[in-house]
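Subject: Handover of a structure, with findings

Dear colleague,

Please find the structure below, together with its sequence.

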Amino acid sequence: ALQTRCLESMIHSAARRNQMRQLHSARTSTAKQFLKQQENSRHERAKSFDSKVHEDSVKLRYDAGAISIVNEVQKRSRSAREDQLRQLRELQEAERLATELSRLQSKDDHIN
């Protein structure tokens, strides 16, 4: 009977140790899975952030390009308007001089 109890106690202890080992293994496995999921999640968020930064960078470059085009068009438009105004002033001056010349010729003809 003592031998049977001793044997049962050893079997019980071995079963308990095995159960504890399995529990520890399950906890470790769960913890590793959790850490792996956290790492994957962090990696996905980082990729998403990098993608967003790249997207924003492309948009900014596009916007900067569009702004420089608009600035160039405005500069050329301003230059064209200034040229038109200059030509208009020259034309008005030429008309004024033609009128003055015509008036002087008319006076000259009148005098002769």
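Does D56 count as buried, partly exposed or exposed, and at what relative accessibility? D56 counts as partly exposed, at 32% relative accessibility. Please bear in mind throughout that this is a predicted model, and that the values in this message were computed from it.

Overall form

The protein chain contains 1 helix and 0 strands. Helix 1 covers residues 2-111, and the chain has 112 residues. Its C-alpha trace spans about 165 × 10 × 5 Å along the principal axes. The radius of gyration is 48 Å, whereas a compact globule of 112 residues would have one near 13 Å.

A pair of residues illustrates this extent. C6 and T99 are separated by 93 residues in sequence, and their C-alpha atoms lie 137 Å apart in space. C6 belongs to helix 1 and is partly exposed, with a relative accessibility of 43%.

Surface and charge

Buried residues account for 0% of the 112 residues in the chain. A residue is called buried here when its relative accessible area is under 20%. The chain exposes about 10600 Å², of which carbon and sulfur atoms supply 57%.

One nonpolar surface patch deserves mention. L7, M10 and I11 make up this patch, which has an area of about 330 Å². L7 lies in helix 1 and is exposed, at a relative accessible area of 51%; the cut-off for that class is over 50%.

Salt bridges

Side chains of opposite charge can pair when their charged atoms come close. How many salt bridges does a search of the whole structure find? The search finds 10 salt bridges. Several of them are described here in turn.

The residue named at the outset takes part in one. D56 forms a salt bridge with K52, and the closest N and O atoms are 3.1 Å apart. The two residues are 4 positions apart in helix 1, so about one helical turn separates D56 from K52. K52 is partly exposed, with a relative accessible area of 43%, and D56 is likewise partly exposed, at 32%.

E55 and K59 also meet through their side chains in a salt bridge, with an N to O distance of 3.7 Å. Because E55 and K59 are 4 residues apart in helix 1, about one helical turn lies between them. E55 has a relative accessible area of 38% and is partly exposed. K59 counts as partly exposed at 44%.

E100 is partly exposed, at a relative accessible area of 30%, and R103 is partly exposed, at 39% relative accessibility.

Finally, which residues are linked in a network of salt bridges? The network joins E72, K75 and R76.

In summary, the predicted model shows a chain with 1 helix and 0 strands, in which 0% of the residues are buried and 10 salt bridges are found.

Yours sincerely,

A colleague

Technical notes
Residues are numbered from 1 along each chain as its sequence is written. This is a predicted model: local features need pLDDT of at least 70, side-chain atom pairs count only at pLDDT 80 or more; totals for chains, interfaces and linings use all residues. Side-chain values use heavy atoms; hydrogens and water are left out. A salt bridge is a side-chain nitrogen of Lys or Arg within 4 Å of a carboxyl oxygen of Asp or Glu. Buried means under 20% relative accessible area, exposed over 50%, partly exposed in between (1.4 Å probe, protein chains only). Patches are made of residues with over 30% relative accessible area and no salt bridge: like charges are joined within 9 Å, nonpolar side chains (Val, Leu, Ile, Met, Phe, Trp, Tyr) within 5 Å. Accessible areas come from the Shrake-Rupley method with a 1.4 Å probe; for residues, only the protein chains shown count as cover. The radius of gyration is taken over C-alpha atoms; the globule rule is 2.2 Å times the number of residues to the power 0.38.
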